Number of protein chains: 2
Amino acid sequence: MTLLDFESDRLAEFAAQVRAEYDDLKAKNLKLDLTRGKPSSEQLDFAEHLLALPGEDDHTDADGADVRNYGNLKGIRDIRELWADVLGVDPELLIAGDASSLNIMFDLVSWSYAFGNNDSERPWREEEKVRWICPVPGYDRHFTISEQFGFEMVTVPMLEDGPDVDAIKELVKDPQVKGMWAVPVFGNPTGITFSEEVCRELAAMETAAPDFRIVWDNAYAVHTLTDEFPPVHDVVGMAAEAGHPNRFWAMSSTSKITLAGGGVSFFHSSRENLDWYLSLAGVRGIGPNKVNQLAHARYFGDAEGVRAVMRKHAGSLAPKFTRVLEILERRLGEYEVARWTSPQGGYFISLDVIDGTASRVVELAKEAGIALTGAGSSFPLKDDPNNRNIRLAPSLPPVEELEVAMDGVATCVLLAAVEKLGA
Amino acid sequence: MTLLDFESDRLAEFAAQVRAEYDDLKAKNLKLDLTRGKPSSEQLDFAEHLLALPGEDDHTDADGADVRNYGNLKGIRDIRELWADVLGVDPELLIAGDASSLNIMFDLVSWSYAFGNNDSERPWREEEKVRWICPVPGYDRHFTISEQFGFEMVTVPMLEDGPDVDAIKELVKDPQVKGMWAVPVFGNPTGITFSEEVCRELAAMETAAPDFRIVWDNAYAVHTLTDEFPPVHDVVGMAAEAGHPNRFWAMSSTSKITLAGGGVSFFHSSRENLDWYLSLAGVRGIGPNKVNQLAHARYFGDAEGVRAVMRKHAGSLAPKFTRVLEILERRLGEYEVARWTSPQGGYFISLDVIDGTASRVVELAKEAGIALTGAGSSFPLKDDPNNRNIRLAPSLPPVEELEVAMDGVATCVLLAAVEKLGA
């Protein structure tokens, strides 16, 4: 029986019970954090050996160059070939950078804004308006970048197999639409993976703007929670075949594989796109930290080494996701006051509560010492039009804390629901 | 007797002799490189232990935070305090970043261009024109940044104690003049160090533009070639005292102390300037590579550790500088066809040859297998109006190669001179 079907007496009784549970929760004086997709200490320990790498007397890359010295904007061959093998792409179209692919995304947008990109008729700053497609729910840091540059963010819904391609095809008929954010595998926060068909349609569609770009943030390309690794669709190749070689700026990184904030980022794109990027990266600086790239190449050994590490991560993360889903089902399932995703990978569970109650849930949780990501944060301008979505990040806390926190969150969801129902 | 005073017979004889020397030089089929200020392998070896740091089980910073995880935009306290001690500045006004301070400089200019800085009335891109002061000869990569953003570069001469402050004071009366490049200690390429008086005048002068900034690239702050370390003038403090707290964006890095391209960069400025920078750096990314920062803190130990490393560098570099100066004096001194700087630190010797012959010298050297930095590269748009300046970078080659190269360069200088004199 769902909460909406409760007779008023029963609802009042239930509300009293939930309020009592919430009082108990507050009395625990918790201090728990489910806000961000940070790896746990246990996960970071997997890469502990990396802290001693490359090690003394190991400073020469596969091309015989000294990684300690200046130079080599595109990154060392050792790590580019290894990572190209992980992705199944051409290493000549893959650049290795510093630790953050977000940095590269920002720069690509920033430089298109200031100078125009290699297909622009004029710098984006000279456009009357730049519009940007934002599948929702999506990654808050993406939206913050497009907000920073004053782009008008246009949302499209995420469906089971990726963003609504029909809606996107309609939007890109407008030459002011210059780009789109995408997290194609185990998306943030939904866990949804784009189907091959969606990838092909995004690669093949006609766009009015010649300099339209899809920022393809494959942050969770190998971040499985099961024994299976998802296929990596080579969208750069698909786009070339479809006659739109420069459509994708494709990112990935080892941030949640080795060291969050101390890994290696990768940028895969067409030769033209890379040359344009490098022409400006070469003004901005001399080259990436190649010592860290060599350390990573040594740490992984080869592409199979990457997958071996990811199996360890899955072993650590999967039980946490399982527990969260169990608690949600046990505490909320019968009342139909929420629905949630059951991702096969990535870092997040997307929780939808009764419309209009997400911000109240977050507030109640905060009062009980449980920090949740702000309601609406998975939407541009943090504006969830239905005030319904909450992003859960189960990775950081130990599983015992996670259980306490999720049980508390469930109580808050129920309390917000009964409040909404006037009980 | 100078070459200019030679009678025509003697000049012809001398020219024949120089041409024979040049033919001998070419016959050696050299392949030597004096182009860039790269550290030598011997210097890079000083930091070899860093390649194994921080080492396993060492990943906690002075604030108890795990450096392996995300966060901390301003960098870890361990390295900020250590470096603040080196510079004699307030660690709260010092940010530690990734490897490249050039990256930070570019971003500061780029973000002022796109958004305006914290003192701007409007973004610089909306200014009818932005003018930028470039002391010459100066650092080519600085000039390339201001060129990239379309700034009009206005040169001022370098004097014995720094750039011509009177000329600068005149220029900054123009509100279109938004900034200035500076390498205040052991400048690139002159080796000139700004006097305290010059520092104070730059801090105190009135500027028409409220958002005027001096990019203070203290790249060689501790890069002595002698037993003496130069004083580091706290220009941020001087500017605050003079009522212009936001005047300086002050940079430094460990690029030529530990690992070129794999070190730690530092940005010292006013609280307001740093907050503005961090507000945008926090959109661009999550934080710098703190593992590398901790590795550096461990490697140095303390500020004295930095100076100890720099004494090793001086021990390696000083003999190279000495040999270059000896060869220049021995081969060219008596003919008065060139003058050069005798720096007490840094990475370069600035060589002025007979007006109009610098590009010819570089061309002759290239034909003889000696790569020199392109003539004019120390000037905006690579345009040396007198075609006279050549930047010599003695650091990279072993001393035996350096001797051969410099002897060859001297021959080229003489040949270009006799050509110029029509002999």
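Where in chain B is B:Pro189 found? B:Pro189 sits in the loop between strand 6 (177-182) and helix 7 (196-204) of chain B. B:Asn188 and B:Pro189 are joined by a cis peptide bond, with omega about 5°. Keep in mind that this is a predicted model.

Chain A has a cis bond to show as well. The peptide bond from A:Leu53 to A:Pro54 is cis, and its omega is near 5°. Find A:Pro54 in the loop between helix 2 (41-45) and helix 3 (77-87) of chain A. Another backbone detail waits at A:Glu336. Its phi is near 55°, a positive value in a residue other than glycine. A:Glu336 belongs to the loop between helix 11 and strand 10 (338-340) of chain A.

Now step back to the domains of chain A. The domain assignment gives domain 1 (3-43 + 307-420) and domain 2 (71-302). The C-alpha centres of domain 1 and domain 2 of chain A lie 30 Å apart. How many residues of domain 1 of chain A are in contact with domain 2 of chain A? The count is 29 residues of domain 1, and they meet 28 residues of domain 2. Between them, domain 1 and domain 2 of chain A bury about 2500 Å². Carbon and sulfur atoms carry 66% of that area. Three residues stand out on the domain 1 side. A:Met310, A:Gln344 and A:Pro380 supply 22% of the area that domain 1 of chain A buries against domain 2, more than any other three residues.

Two salt bridges are found across the interface of domain 1 and domain 2 of chain A. Look at the side chains of A:Asp140 and A:Arg391. They meet in a salt bridge, at 3.8 Å from N to O. Which elements supply the domain 1 side? Helix 11 (303-332), strand 11 (349-353) and strand 13 (389-392) of chain A each give at least two residues to the side that touches domain 2. Helix 11 of chain A gives the most, with nine residues. By class, this side of domain 1 has 14 nonpolar, ten polar and five charged residues.

Next comes the meeting of the two chains. In chain B, 56 residues are in contact with 55 residues of chain A. The area buried between chain B and chain A is about 4800 Å². Carbon and sulfur atoms give 52% of it. Which residues of chain B lose the most area to chain A? They are B:Arg68, B:Tyr70 and B:Arg284, together 18% of what the chain B side buries.

Six salt bridges are found between chain B and chain A. In one salt bridge, A:Arg284 pairs with B:Asp107, and the closest N and O atoms are 2.7 Å apart. Between the chains, 28 residue pairs are in polar contact. Several helices of chain B each supply at least two residues to the side that touches chain A, among them helix 2 (41-45), helix 9 (271-284) and helix 10 (290-300). Helix 4 of chain B gives the most to that side, with nine residues. The residues on the chain B side divide into 24 nonpolar, 17 polar and 15 charged.

Finally, survey the whole structure. It holds 69 salt bridges over all chains. Side chains of opposite charge can pair when their charged atoms come close. One salt bridge joins the side chains of A:Asp119 and A:Arg213, at 2.9 Å from N to O. A:Asp119 lies in the loop between helix 4 (101-115) and strand 3 (131-136) of chain A, and A:Arg213 in strand 7 (residues 213-217), so the pair ties together parts that are 94 residues apart in sequence.

The structure holds 42 aromatic pairs over all chains. Why is the pair of B:Trp124 and B:Phe151 edge-to-face? Their ring centres are 6.0 Å apart and their planes are at 70°, so the pair is edge-to-face. B:Trp124 lies in the loop between helix 4 (101-115) and strand 3 (131-136) of chain B, and B:Phe151 in the loop between helix 5 (140-148) and strand 4 (152-159), so this pair ties together parts 27 residues apart in sequence.

Notes:
Residues are numbered from 1 along each chain as its sequence is written. Chains are lettered from A and ligands numbered from 1 in the order in which they are written. This is a predicted model: local features need pLDDT of at least 70, side-chain atom pairs count only at pLDDT 80 or more; totals for chains, interfaces and linings use all residues. Side-chain values use heavy atoms; hydrogens and water are left out. Domain bounds come from an automatic or database domain assignment. Contact means heavy atoms within 4.5 Å. Buried area is the accessible area (1.4 Å probe) that two parts lose on being put together, summed over both. A salt bridge is a side-chain nitrogen of Lys or Arg within 4 Å of a carboxyl oxygen of Asp or Glu. Helices (H or I, at least four residues) and strands (E, at least two) are DSSP runs, numbered from the N terminus. Ala, Val, Leu, Ile, Met, Phe, Trp, Tyr, Cys and Pro count as nonpolar, Asp, Glu, Lys and Arg as charged, and the others, Gly among them, as polar. Rings of Phe, Tyr and Trp (its six-membered ring) pair if their centres lie within 6.5 Å; planes under 30 degrees apart count as stacked, over 60 as edge-to-face and the rest as tilted. A polar contact is a pair of N or O atoms within 3.5 Å; within protein, one must be able to donate a hydrogen and the other to accept it, and residues adjacent in sequence count only if both atoms are side-chain atoms.
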